[in-house]
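Thank you all for making time this morning.

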Amino acid sequence: MTTKALQAAVDHRWEKEILTEMEGFIRIPAKSPAFDPDWAANGYLEDAIAHAERWCRATAPADASIEVIRLDGRTPLLLVDVPGNRDGTILLYGHLDKQPEVSGWSDGLGPWQPVLRDERLYGRGSADDGYAVYASLAAVTAVHEQGLPHGRCLLLIETCEESGSYDLPHYIDHLRQRIGQPDLVLCLDSGCGNYEQMWCTTSLRGMAAGTLQVETLTQGVHSGDAGGVVPSSFRIARHLLERLEDSTDGRITPAAFNAEIPDERRAQARAAAEVVGATLRDRFPFTGETRAEEQDLTELVLNRSWRPALEITGADGLPTIADAGNVLRAATAFKLALRLPPTVEGTAATARLKDLLEANPPHGARVTFTPDQAATGWHAPPLSPWLAETMDAASRDAFGAPVIYMGEGGTIPFMALLSEAFPKAQFVITGVLGPQSNAHGPDEFLHVPTARRLTTCVARIIAAHGSRDTG
């Protein structure tokens, strides 16, 4: 295998085609269904699928099969099937739906406005995860054009990931016979600790999310009249949350939401912390004298990958400060997002969370917890020697540094689904969501040199899969 030839083919594709295609993709406001309830009527997800489909048809090997599949009432899915000349099937995953716009974009930047600046392509969906379909097919095509042996390669590109991939199980069931039994899954929707090497995600956290509502009155009343008589719904909500989280240090205290951290993952966390260094904490836009929750970098890696964490992502019942009168409010509602360790089952944890919050409400208040997302995390199976060796060699050749393994704090429901559906498959979860790339926030960008090098690493893995000894 000629590594330089693969790199040259990938770089040519990025320079001549992919960047232009990515700019067109960024312009499409293809928000995920959770953020665009009228997605079917608005048609932006269809526009994004059509944009990617057209490029796939223009660049895929001649014998490839390309199809957009639409199950009734569900978001569309793009399937690209490239036949192989060796045993085995590789499943390459990505998504085209996007997070909403949010405010705070820097001058000259915007969610639907592609801007290439200092080798960073700014715009919503650039790094999360629009580049994946282009990088995946470019890697497959580079191997194919070099005449290298490779297994069958299936690109599975969904449009519901940012909403929890709730449509994906239906497509997996629908396509199960066509997909068969992949022995390798490649996902490009994860993070990287820096832009200097390939990063492999070893685990993903799960999620228990929902709305906690506390009601003490049927309507708001004068706070001077009721204060000290009617219990505050905010205070009760705060008390209930203390059952879950120690407010002094953020620890999630019930054992049901914690898990034992494997020794191998602790060792990998130490190695990742040594490589990333202070960037692990300094990449966040702290204000004033705010400090990270932990100064030990290894513990920070474990905090964001293997320990549970709670965030209040929204609230109802609280007027703006400008509109806040002296009223004892009738109710308070909080949107909770509880990140779970990789090995904690999401549905059971969500049920446990509901029981914890609703039991024995103070002062007899009406308390309800309404779940809206329960996702189990993912813990990678051990890598085969050929795969581990290939990844390290590919990273050293493309980046000049070894591959690094680290758990990620986010949730990719697809991983748990595929692990259950294909328990014998190897998994390589990687990505370009590095320092300041800011997926889900303002100024999201794709670090183009990293995306190009990672595409070459994926091509190396595909080629090595085709030439591995299966005896």
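How do the residues of the lining of the second largest pocket divide into nonpolar, polar and charged? Before I answer, please keep in mind that what you see is a predicted model. The lining of that pocket divides into 9 nonpolar, 3 polar and 2 charged residues. The volume of this second largest pocket comes to about 200 Å³, and of the 14 residues that line it, E264, R265, P381, P382 and L383 are the ones that lie nearest its centre. If you look for the elements that give two or more residues to this lining, you will find β8, residues 199–204, and α8, residues 263–276.

In soluble globular proteins, nonpolar side chains tend to be buried together. Here the largest nonpolar core has 69 residues, and those with the most contacts inside it are L78, Y131 and I462. Helix α4 provides the largest share of this core, namely 12 residues. Apart from this core there lies another, of 27 residues, which includes I172, L175, A421 and A425.

What is Y131 in contact with, once we leave aside its neighbours within four places in sequence? The partners of Y131 are W14, M22, G125, S126, L188, G431, V432, L446, A451 and L454.

S305 has its place in helix α10, which covers residues 297–305, and T59 lies in helix α3, which covers residues 44–59. S305 is buried, with a relative accessible area of 1%, and T59 is buried as well, with a relative accessible area of 9%. The side chain of S305 reaches the backbone oxygen of V301 at 2.6 Å, while the side chain of T59 reaches the backbone oxygen of W55 at 2.9 Å. As for their surroundings, and again leaving aside neighbours within four places in sequence, S305 is in contact with S203, R205, P342, G407 and E408, whereas T59 touches R13, E17, L137 and T141.

Finally, the backbone. Most residues other than glycine have a negative phi, and most peptide bonds are trans. Against that background, where in the model is there a cis peptide bond? It joins D128 and D129, with an omega of about 5 degrees, and D129 lies in helix α4, residues 126–145.

Two histidines also deserve a look when you inspect the backbone angles. H363 is not a glycine, and yet it has a positive phi of about 60 degrees; H440, likewise not a glycine, has a positive phi of about 80 degrees. H363 lies in the loop between α11, residues 346–358, and β14, residues 366–375, and H440 lies in the loop between β17, residues 426–433, and β18, residues 445–447. Are these two histidines buried or exposed? H363 has a relative accessible area of 58%, so it counts as exposed, whereas H440, with a relative accessible area of 40%, is partly exposed.

I am happy to take questions.

How values were computed. Residues are numbered from 1 along each chain as its sequence is written. This is a predicted model: local features need pLDDT of at least 70, side-chain atom pairs count only at pLDDT 80 or more; totals for chains, interfaces and linings use all residues. Side-chain values use heavy atoms; hydrogens and water are left out. Helices (H or I, at least four residues) and strands (E, at least two) are DSSP runs, numbered from the N terminus. Buried means under 20% relative accessible area, exposed over 50%, partly exposed in between (1.4 Å probe, protein chains only). On a 1 Å grid over the protein atoms alone, a cavity is a set of points where a 1.4 Å probe fits but cannot get out, and a pocket is an open set with protein on both sides within 12 Å along at least five of seven lines; lining residues have an atom within 4 Å of a point. Grid points are joined across faces, edges and corners, and a volume is the space filled by probe spheres set on the points. Ala, Val, Leu, Ile, Met, Phe, Trp, Tyr, Cys and Pro count as nonpolar, Asp, Glu, Lys and Arg as charged, and the others, Gly among them, as polar. A nonpolar core is a set of buried Ala, Val, Leu, Ile, Met, Phe, Trp, Tyr and Cys residues joined through side-chain atoms within 4.5 Å. Contact means heavy atoms within 4.5 Å. A polar contact is a pair of N or O atoms within 3.5 Å; within protein, one must be able to donate a hydrogen and the other to accept it, and residues adjacent in sequence count only if both atoms are side-chain atoms.
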